[in-house]
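Reader: I'm new to this one and I'd like to know what lies behind the labels. Could you take me through them?

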Amino acid sequence: MTSLIIVSVLAVAVLYLGLFKYKTALLPVSVTGLLAAAAMAAMDWDLEKMYFSEMMLFDNYAVAFSILLILTTLLIFGLSRNYFEKISNNVAEYYALMLFALAGGVVMVSFHNLAMLFIGIEILSISLYVLAGIRRKDPASNEASLKYFLMGAFATGFLLFGTALIYGATGSFNLAAIASSGAFESALFRAGVLLMMVGLSFKVSVAPFHTWTPDVYEGSPGLIAMFMATVVKTAGFAAFLRLFLMAFAEASAFWAITVAILCILTLFAGNITAVFQDRFKRLLAWSSVSHAGYLLLAILAVGFSASSAVLVYTIAYSLASVAAFGIMILVSRARGNDHLDSFNGLARTNPFLAFTLTLAVCSLAGIPLTAGFFGKFYVFKVALAQGYTWLVVLAVINAMIGIYYYFKVIIAMYMKENANAVAIQLNPGFRLVLSIVVFLIFLFGIFPGLIANIL
Amino acid sequence: MTLWLIPALPYLGALILILAGSKLSKQMAGIIGCGSMGLSALWTGVTGIAFLSGGREPVRLQLWEWFDVAGWNPGVTLYFDSLSLVFTFVITFVGFLIHVYSTGYMARDEGFNRFFAYLNLFVGSMLMLVLADNLLLLYLGWEGVGLCSYLLIGFWYQDPANGAAARKAFIVTRIGDTAFAIGLFMLFQTLGTLNIGAILAEAGSALSGDGAASWPGGPAGATAIALLLVGGAVGKSAQIPLQTWLPDAMAGPTPVSALIHAATMVTAGVYLIARMHGIFELSPVSMQVVSLIGTITLLVAGCSALCQSDLKRVLAYSTISQIGYMFLALGLGAWSAAIFHFFTHAFFKALLFLGAGAIIESLHHEQNIFRMGGLRKELPVVFITFLIGSASLAALPLVTAGFFSKDQILWMAFAGEHGSLGLWIAASVGAFLTALYTFRMVFVTFWGETKTPVTHRPGKAMTIPLIILALFSLLAGFIEVPHNLGHITLFSSFLASVLPSPELITDSLLMEWMSQAAAALLTLGGIGLAYEYYVRNPQSLAGMKRNTGALQRFFHSGFGFDRLYDSLLIQPYTWLARVNRRDITDSLYTGLARFSIWLHRQSAQTQTGILRHYLLGAAIGALIILTISIFI
Amino acid sequence: MLTQSLFYFLSFLAIFSALAVIIAKNPVHSVLYLILTFFAITGHYILLNAQFLAIVNMIVYAGAIMVLFLFVLMLLNLNAETEPQKPAYIKIAGVVSGGLLLLVLVGALKTVDVSGAGGTTATDMGLVENLGMVLFNEFLLPFELASVLLLTAMVGAVLIGRREA
């Protein structure tokens, strides 16, 4: 709870910094604040505190995911030096909006009441609608913002309708009360669960509600797309799992089949459509759809091993995405676009970047010795434990397809030449963040026990 | 407990050399490489003394839990007992000497830093192998040394032949590794753990119960696991039928041959079998297989060594043959005898290889022994140390380490509970062959007239390790002396807590004397015969060579195993590959690819970019979901 | 009796005007029908004794939002020619989804047991006083967090609306 307050107050403080034109103080203040928030979140470990008539529950699940969200935001802030300045004069507002979004994310991973879930999602989403459109002169950015907003509003409708039906069936918004209401057989309840599932599926881009993803990612500025792929996706999945774990777990028999179908659809839609994308950003957008599919596998396995699996997976995915999007930003800035051909010869001009991107892409594809391998491994494991062998087989086939398109960029970097490529200059922030990411991907790839047994 | 320092130091050295290798001077790289090894050896000494003086309790050190899956949580855990100590001592100590030697040997090589990085990586992995608490970690070390072996055999990769040799070593050992891996799978399936202590406890309780029948997987299961482990050991230790890679592995730099392909890595198979002895005791069949493999190998390799003209290949075949002795001892249940032979062999074989390296280096990379000769006076230090090593290899009675260790194996072959007269005869013939080919090599190389001039002499960095190893080759045997000659059992009683000692079916003193006398006579006979043919009367040899040309060629080719595998495996395989050029199995994957492309075309159509289509899709999706759940 | 006939009247009005919203060719008419729909729903809220909702619905939806709609429509200058042609598969998809919706509705009607719906039956729940009590006691945190939400939206609106220097 303290961390939530710190993040919210920090956002307001950043707004004030902008008001008084302390532009140089923005980043240090934000970073310090986020570190403090992460530290305060860690203090809540093992306390299992309820807040405000059981509105929020800071259990270990909430703490772990809050810290993950905060630290990911920190990494993204590390890349943001001189980024917003190039886009707009109102830099402080962008930091503030990202912090607001983070506050929404923290609410989403710690809610214990459907009202809180809704408010968290809305805080997160509204910040992002604006952030997607911060390149105001760029039609693509405007389009992204508008599409995201309209689709998001549409999804919110489903979510609210579902919430209302569940309230109708159980008479409560409280997760524990819903879980113990015993109204699982009623059609009202079932329809409510499914509608909430649809609403959340929108937010985490699960097929067939994923269609906005590539357009929005492509139109948004790279750093915002990175934020969407990491913080938003993590928060969305953590909320999804928390809701289904704490409120609907008992009724899993009837929604499991739907999740399984969504999972297959998402896997195929994401991976297959990614195959022939020739723009790296769009490829990453489709890959983010496919990763939603793998994460759905874990939701099928209700139980706390599922939280562990989702945590490991989202950590691995966030790290790899930060690296991949970060290098995409650098390359598209230096070479004019994010076309796969722009990566040609990167291994010769910038071996460090090429290596980092290779590692990130291997982690996304799930190659052993990277964090991503254990992410997939644990997710498959919990799904197998629940007896979804056929689903895991399909998921593995999809992982094979994934390797094909992920490796296209590696091939471009290492095997294709670009005669007039020049080395890309890195600022210290990029160097630091990318080094941290490389280290962590290796660390968690070799010692998965460090994160696998947290929850 | 600071046990972890022992493998960590070489790994740290390797890490520094890999990361900063291109920026370091050769001197610096040498200091890092040797320094980390020296510290590791020193630390082994410290830990060993603490172990010996502190009640000899095994030490288990869990560094961290590797991962935790379905209740199985293999740790990165080190286990230190007397068996580990012997191996760790040999690896770090001999490894350190070879590192020092390498600073001289490789001084003018461009890949100096790379060489030390690989060498350190190898030592780290080898230490991981022998210190592992569970078989998974052991397997990691096992594969790690395999990789380093590949890298070092192909160290001079500019020559395609070296690359081919490296590939051959990698692929042939892979066959064994696969068997080993399957064995691990079966073990895990049977017991649900790969912890060595737990497996041995299970095997021990089965043994003390009603034998293999009470083993969870039944007698057949135990035999299958044991044989699969033997498969792994055979590959790594270059025993028949997977011995063909070792002679070719001599393509690597000579210190590599000394360290990896003689003293340490190739004995990993011996370590594996000794470590897992509990399972072998459950399966008499597998024990017989092991002793049979050892016996055949020692004879075949001994014959092959007789006809080689390349100095390093003679030594390579002798290594195969000596490991054959170790396998024979393992198969006889004479665990500590096998480890004792490993112990002495590591010293004298490292010595011989390093001596050979010094000779080759001095003669400007000439390896053919028939173009050497007369080196006795040219390279006195090398000559004396090489002679000591050869005497130890040939098991010259009473004064060499090799005699005591080999004598123990011979006696066990005769008098052990699994022994037989046949095995004893075979082993004795092997001893005769050993003496013959060893001194053939010595006489041809050091006696006679000079054929190639010595260009330069080895420096101190090379001679000092030779002298130290020579001392060990002479003295290391005296820690275990048969009871009719003095009865010292330091080594076997040291290992007794880990490895059971075999029962003797006869303890007749007379028989033991006779066995020793026969072995001694055979050895001296072999040396005498070599002297007769290669120093005193070379003409008579020429006549014999003419008459037995075919046999010679057969021996020279290592009993034609390479050609056998070529026609038995490689040619049918390439034929199949030629016939199946379009690859039937691959059509599954191309099918998947085609299907993906087709689906991609379909799904790309959904990317219209028009918002209302997206919304329509979403609405239909939501409706379908609702429909399904209402009608299910 | 009076309530019941009012209910039926308001329901008829709501459904009729909702249909008219999508049937009307002229977008301005559509919006006017929509306002009518909102009025009908406001009437429903009053029937349910939900004063607060009724007022909010009237002010925010019928008042503010619809006026905004009208402004936008007048700025856009829509007419029949600018209406895009719908391809065939969109029509098919429409038919499929409509059919499915019908199926779901029929299925739902068959299974739903209306009387079994949980929740409170108290009639004074929608009064402003009671709503306030709940809002400032149990739902204090969501209420406060809604201020963060509104602040976010405000910052965003200013950011998008402001002229770039």
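This is a predicted model: local features need pLDDT of at least 70, side-chain atom pairs count only at pLDDT 80 or more; totals for chains, interfaces and linings use all residues.

Reader: What makes up the domains of chain C, and how far apart are their C-alpha centres?

Author: The assignment for chain C gives domain 1 (1-80) and domain 2 (124-165). Their C-alpha centres lie 24 Å apart. Contact means C-beta atoms within 7 Å, and by that rule 6 residues of domain 1 of chain C meet 5 residues of domain 2 of chain C. On the domain 1 side there are 4 nonpolar, 2 polar and no charged residues.

Reader: What is the secondary structure of chain C made of?

Author: Chain C has 6 helices and 0 strands. Reading along its sequence, you get α-α-α-α-α-α.

Reader: How many residues of chain C count as buried?

Author: To be called buried, a residue needs 20 or more other C-beta atoms within 10 Å of its own. In chain C, 13% of the 165 residues pass. As for its contacts with a separation of 6 or more, 54% join residues 24 or more positions apart.

Reader: Which helices of chain C each supply at least two residues of the side that touches chain A?

Author: Here 24 residues of chain C are in contact with 37 residues of chain A. The helices are α4 (88-111) and α6 (140-161) of chain C. The largest share, 13 residues, comes from α6(C). By class, this side of chain C has 16 nonpolar, 6 polar and 2 charged residues.

Reader: And where chain B touches chain C, how many residues take part?

Author: Chain B brings 9 residues and chain C brings 10 residues. The chain B side counts 8 nonpolar, 1 polar and no charged residues.

Reader: What makes the largest nonpolar core a core, and which residues touch the most other members?

Author: A core joins buried nonpolar residues through C-beta atoms within 7 Å. The largest one has 217 residues, and those touching the most other members are L99(A), A103(A), L297(A), A298(A), Y313(A), A324(A) and V379(A). Helix α14 (residues 304-335) of chain A gives the largest share of this core, 20 residues. Leaving out residues up to four places away in sequence, L99(A) touches V7(A), L10(A), A11(A), V14(A) and S30(A). A second, separate core has 204 residues, including A226(B) and L410(B).

Reader: How do you know where confidence is lowest and highest in chain C?

Author: Go by pLDDT, the predictor's confidence on a scale from 0 to 100. The mean for chain C is 82, with 84% of its residues at 70 or more. Confidence is lowest in α4(C), at a mean of 77, and highest in helix α1 (residues 2-23) of chain C, at 91. The model itself scores ipTM 0.89 and pTM 0.77.

Key: Residues are numbered from 1 along each chain as its sequence is written. Chains are lettered from A and ligands numbered from 1 in the order in which they are written. Two residues are in contact if their C-beta atoms, placed from the backbone, lie within 7 Å. Ala, Val, Leu, Ile, Met, Phe, Trp, Tyr, Cys and Pro count as nonpolar, Asp, Glu, Lys and Arg as charged, and the others, Gly among them, as polar. Helices (H or I, at least four residues) and strands (E, at least two) are DSSP runs, numbered from the N terminus. A residue is buried if 20 or more other C-beta atoms lie within 10 Å of its own, exposed if 12 or fewer, and partly exposed in between; C-beta atoms are placed from the backbone. Domain bounds come from an automatic or database domain assignment.
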